[in-house]
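Visitor: I have just opened this entry and would like a friendly tour. Could you walk me through it, one question at a time?

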Amino acid sequence: MITPLQQKRPSIKQKRQNTWQDEMRDAVSSPEELWSILNLPPDKLVAAQNACKLFPLKIPRDFISRMQIGDINDPLLRQVLPIEAEHISDPNFSLDPVGDLDNNPVSGIVHKYHGRALLIATGACGVHCRYCFRRHFPYSEQTASKKEWQAALDYLSKNTSIHEVILSGGDPLTLSDSKLSQLFLALEDISHIKTIRIHTRQIVVLPSRVSADFLKILKQSSKNIVFVMHVNHANEINDSVADAMLNLSELNVHLLNQAVLLKGVNDSPDVLVDLSHALFAVKVLPYYINVLDRVSGATHFALPLDTCKYLHTAIKARLPGYLVPKLVQDLAKKDSKTWLL
Ligand code: SF4
């Protein structure tokens, strides 16, 4: 049966291909332009310019179009807004809070957990989230760029205990379809890898990324395909994001979401309940809700652990079990994520 939402959806074939790459190039990268588009308070501009020296600004215009003009507290804006608090130095916040650099046996591979390994396919992202735990990651040294993929692929081939490869970054969906296709083909040849998991925020901030060629790559793979999206607030899911998710859901793939608990963004039961419902409406299941990784420059997003547990308990009381994400924390030197609730 065709639902009204499906009837409205434009066919992927009708869209011009690769517009997502134009959109990515056209992302807003200057605080002055952001201030002008959203009519933000002029007295906060200098602080933003200074914070951009720590981590550059990058926001696709499509994502900006989902924000409220004039509202500096908009929950989408807050995630990408450079502010003075990024200069706060706190000994509990570090450059590598989850210990990635202690677990990279070859360039481009992070192998922390049994049975799965992470391939840092690119250092690029379609958006720069100010709370990102990899905001200080030395991508230029650690990315398995296309010419270096071989070392990473050799590592995956030799380690028969690895059944799942997690394409991460940066955001793996900033790679072109032709590069992704080559990567998928190389992984296809490694028989002990059964699952390719894609960690991405690109589809949420640039839904045009779900191109016809990308869908074809997914269709041709014999592996299990799992997407772990990164949506923190229901307002991020506009009609284009819904179309993209629904197009993916028609393939034999699994769509999951991980969110991060962020002060001023989603630290209320109502917001989190709305998020779970909004995800389910586009065929995505809530998987994890992460306690913030304590990365330098992101102190202003941190919530006390007790508040995180309170929020989780509150949403559990209001949602069916399948819409309640696990509350987790990524701690260095652990053999898995730590499940808190
Ligand atoms: S998209 Fe992901 S990896 Fe990129 S800045 Fe945001 S949180 Fe970090």
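**A guided tour**

Guide: Let us start inside this predicted model. The largest nonpolar core has 81 residues, and those with the most contacts inside it are Leu119, Val165 and Leu292.

Visitor: How many helices and strands does the chain have?

Guide: Buried residues make up 41% of the 341 residues in the chain. Its secondary structure comes to 14 helices and nine strands.

Visitor: What percentage of the contacts between residues at least 6 apart in sequence join residues at least 24 apart?

Guide: Contacts here are counted between residues at least 6 apart in sequence. Of these, the share that joins residues at least 24 apart is 83%.

Visitor: Is strand S3 largely enclosed or left open by the rest of the structure?

Guide: We can look at how many of its residues are buried. In S3 that is four of the five, so the strand is largely enclosed.

Visitor: Which residue of S3 is the bridge partner of Leu118?

Guide: Strands of a sheet pair through backbone hydrogen bonds, either parallel or antiparallel. Strand S2 (residues 116-120) and S3 run parallel and are joined by five bridges. The bridge partner of Leu118 in S3 is Ile166.

Visitor: And which residue of S4 is the bridge partner of Val165?

Guide: S3 and S4 also pair in the parallel sense, over four bridges. Val165 is one of the residues with the most contacts inside the core. Its bridge partner in S4 is Ile196.

Visitor: What is the bridge partner of Arg197 in S5?

Guide: Strand S4 (residues 195-200) and strand S5 (residues 224-229) pair in the parallel sense over six bridges. For Arg197, the bridge partner in S5 is Val226.

Visitor: How many charged residues are in the shell around the ligand?

Guide: The residues surrounding the ligand are Cys125, Val127, His128, Cys129, Cys132, Arg134, Gly169, Gly170, Asp171, Arg201 and His230. By class, four are nonpolar and four are polar. The charged residues in this shell number three.

Visitor: Is the peptide bond from Gly169 to Gly170 cis or trans?

Guide: Gly169 and Gly170 are both among the residues around the ligand. Gly170 sits in the loop between strand S3 (164-168) and helix H9 (177-188). With omega near 20°, the bond from Gly169 to Gly170 is cis.

Visitor: Is Asn39 buried or exposed?

Guide: Asn39 belongs to the loop between helix H3 (31-38) and helix H4 (45-51). Although not a glycine, Asn39 has a positive phi of about 55°. The count is 11 other C-beta atoms within 10 Å, and 12 or fewer is the cut-off, so Asn39 is exposed.

Visitor: How far apart in space are Pro42 and Glu32?

Guide: Pro42 is found in the loop between H3 and H4, and is exposed, with 8 other C-beta atoms within 10 Å. Along the sequence, Pro42 and Glu32 are ten residues apart. From C-alpha to C-alpha, the distance is 9.4 Å.

Visitor: Which residues does Leu323 touch, not counting those up to four places away in sequence?

Guide: Leu323 lies in the loop between helix H14 (305-316) and strand S8 (326-329). Leu323 is partly exposed, with 17 other C-beta atoms within 10 Å. The C-alpha atoms of Leu323 and Leu285 are separated by 6.5 Å, though the two are 38 residues apart along the chain. Beyond those sequence neighbours, Leu323 touches Ser276, Phe280 and Pro286.

How values were computed: Residues numbered from 1 in each chain as written. Predicted model: local features only at pLDDT ≥ 70, side-chain atom pairs only at ≥ 80, totals over all residues. Pairing = 2+ DSSP bridges. Helix = DSSP H or I, 4+ residues; strand = E, 2+ residues; numbered from the N terminus. Near = placed C-beta within 6 Å. Nonpolar A, V, L, I, M, F, W, Y, C, P; charged D, E, K, R; others polar. Buried ≥ 20, exposed ≤ 12 C-beta atoms within 10 Å, placed from the backbone. Contact = placed C-beta atoms within 7 Å. Core = buried A, V, L, I, M, F, W, Y, C linked by C-beta atoms within 7 Å.
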